[in-house]
Amino acid sequence: MRIAFIGLGNMGSGMAANLVKAGHEVSAFDLSDEALAQAKQSGCETFSTVGDAVQGVDAVVSMLPNGAIVKRVYTSDVIGKAPQSALLIDCSTIDVATAREVATAASSAGYEMVDAPVSGGIAAANGGTLTFMVGGGKDAFAKAQPILSAMGKTVIHAGDSGAGQAAKACNNMLLAIHMIGTCEAFNMAKKLGLDPQTFYDISSVSSGQNWSMTSYCPLPGVGPQSPADNDYQGGFATALMLKDLSLAMDAADTSGAQTPMGEKAKELYKAFADAGNGALDFSAIIKTL
Ligand code: NAD
């Protein structure tokens with residue numbers, strides 16, 4: 001297949017390279033010359049405008065920073081320029097309302113579109129092991145599945161347009177809450193005189209067990225290897241967690257859901273990011289508790 005890829009940053013560069021490895025012809029566009037040079041090295045053909053990159057393609061995949069950019073790129077440069085038969089797949093993390101608005105604009109112009117945000121960071125994007133949560137019609141999902149499978153190990157149909165973004169917002173709100181809860185528990189255990197490893201041995205097989213503890217422990221030297229063992233470098237940046245919590249709180253507002261713990265998690269992550277910790281892994285919030 002011929003696939004246009006728009007947005008070749010930390011995530012998109014590895015994803016586009018995996019499409020090439022799977023045998024697709026990839027037409028790449030990014031505003032950054034550096035990103036385009038890297039895409040060329042990975043075997044993509046590079047273009048100087050979105051309009052040129054989407055000519056004659058079977059699908060368009062995007063991995064962009066935010067909803068405003070996604071809306072602008074699709075409504076100004078993709079819709080009406082890509083062939084109407086091209087499947088449009090936005091993998092960026094954006095708000096549910098914009099995802100639905102762009103999908104409606106695409107469908108009014110005769111295109112099929114899915115939102116397909118990812119779980120998994122840069123290592124998963126490079127390694128082709130992302131999880132995709134997909135919002136869109138059944139036919140569009142069936143067409144997107146083989147393309148997404150070339151970039152990830154799990155592809156799940158979440159529901160209609162916007163459902164992928166909804167799943168991502170709910171999942172990452174829950175992740176932030178159990179990460180903070182896990183940090184609080186480790187700190188309190190320490191203050192009560194418990195050895196952290198002993199607390200881990202007990203809680204990891206008791207009812208407090210959760211992913212932040214057993215797959216991503218925020219304490220160095222306890223549990224499996226995690227960013228805590230690398231001074232909180234790499235992993236999932238606090239700034240990105242704050243972005244996802246802001247999207248989750250927007251979704252809570254528009255849907256009328258009560259999310260007091262999500263609000264508190266956003267407040268704590270905002271204070272942590274504002275104190276200059278935006279680039280640290282999100283588990284580093286244990287330092288502030
Ligand atoms: P990034 O900033 O590294 O990459 C974004 C790329 O988009 C950049 O190369 C930039 O030049 C390009 N870009 C910006 N505006 C453009 C435009 N108008 N046309 C073409 N290209 C444009 O960001 P990233 O870390 O790759 O994240 C991309 C998306 O993936 C975000 O929505 C983010 O929330 C999501 N995400 C990131 C991670 C992660 O760990 N980095 C994990 C899951 C999801």
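**Figure 1. A glycine at the end of a strand.** Strands are DSSP runs of E with at least two residues, numbered from the N terminus, and in this predicted model Gly 159 belongs to strand β9, which covers residues 152-159. With a relative accessibility of 22%, Gly 159 counts as partly exposed, because the buried class takes in residues under 20% and the exposed class those over 50%. If neighbours within four places in sequence are set aside, Gly 159 is in contact with Val 134, Gly 135 and Gly 136. Met 133 and Gly 159 are 26 residues apart in sequence, and their C-alpha atoms are 9.1 Å apart in space.

**Figure 2. The protein chain as a whole.** The chain contains twelve helices and nine strands. Its radius of gyration is 20 Å, close to the 19 Å that the globule rule gives for 289 residues, so the chain is as compact as a globular protein of that length. Taken along the principal axes, the C-alpha atoms fill a box of roughly 65 × 45 × 35 Å. Of the 289 residues, 50% count as buried, while the chain exposes about 13,000 Å², of which carbon and sulfur atoms supply 54%. Among contacts with a separation of 6 or more, 63% are made by residues 24 or more positions apart.

**Figure 3. Helix α12 and its buried face.** Helix α12 has 18 residues and reaches 24 Å from its first C-alpha to its last, which is close to the 26 Å expected at 1.5 Å a residue. Which residues of α12 are buried? They are Gly 262, Ala 265, Tyr 269, Phe 272, Ala 273 and Asn 277. Seen down the axis of α12, these buried residues fall within an arc of 100°, so they line one face of the helix. An α-helix has 3.6 residues a turn, so residues three or four places apart point the same way. The buried residues of α12 pack against α8 (163-191) and α11, whereas the face turned away from the buried side carries the exposed residues Pro 260, Asp 274 and Ala 275.

**Figure 4. Aromatic rings around Phe 282.** A pair of aromatic rings is described by the distance of the centres and the angle of the planes. The count for this model comes to five aromatic pairs. Is Phe 282 buried or exposed? Phe 282 has a relative accessible area of 1% and is therefore buried.

Figure 5. Tyr 269 is in helix α12 and Phe 282 in the segment after α12, 13 residues apart, and the pair links distant parts of the chain. Tyr 269 is buried, with a relative accessible area of 0%. Together, Trp 211, Tyr 216, Phe 236, Tyr 269 and Phe 282 form one aromatic cluster.

Conventions: Residues numbered from 1 in each chain as written. Predicted model: local features only at pLDDT ≥ 70, side-chain atom pairs only at ≥ 80, totals over all residues. Heavy atoms only, no water. Phe/Tyr/Trp six-rings, centres within 6.5 Å; stacked < 30°, edge-to-face > 60°. Buried < 20%, exposed > 50% of the residue type's maximum accessible area, 1.4 Å probe, protein only. Helix = DSSP H or I, 4+ residues; strand = E, 2+ residues; numbered from the N terminus. Expected span 1.5 Å × (residues − 1). Arc of directions from axis to C-beta. Contact = heavy atoms within 4.5 Å. Rg over C-alpha atoms; globule rule 2.2 N^0.38 Å. Areas by Shrake-Rupley, 256 points an atom, 1.4 Å probe, with all protein chains shown as cover.
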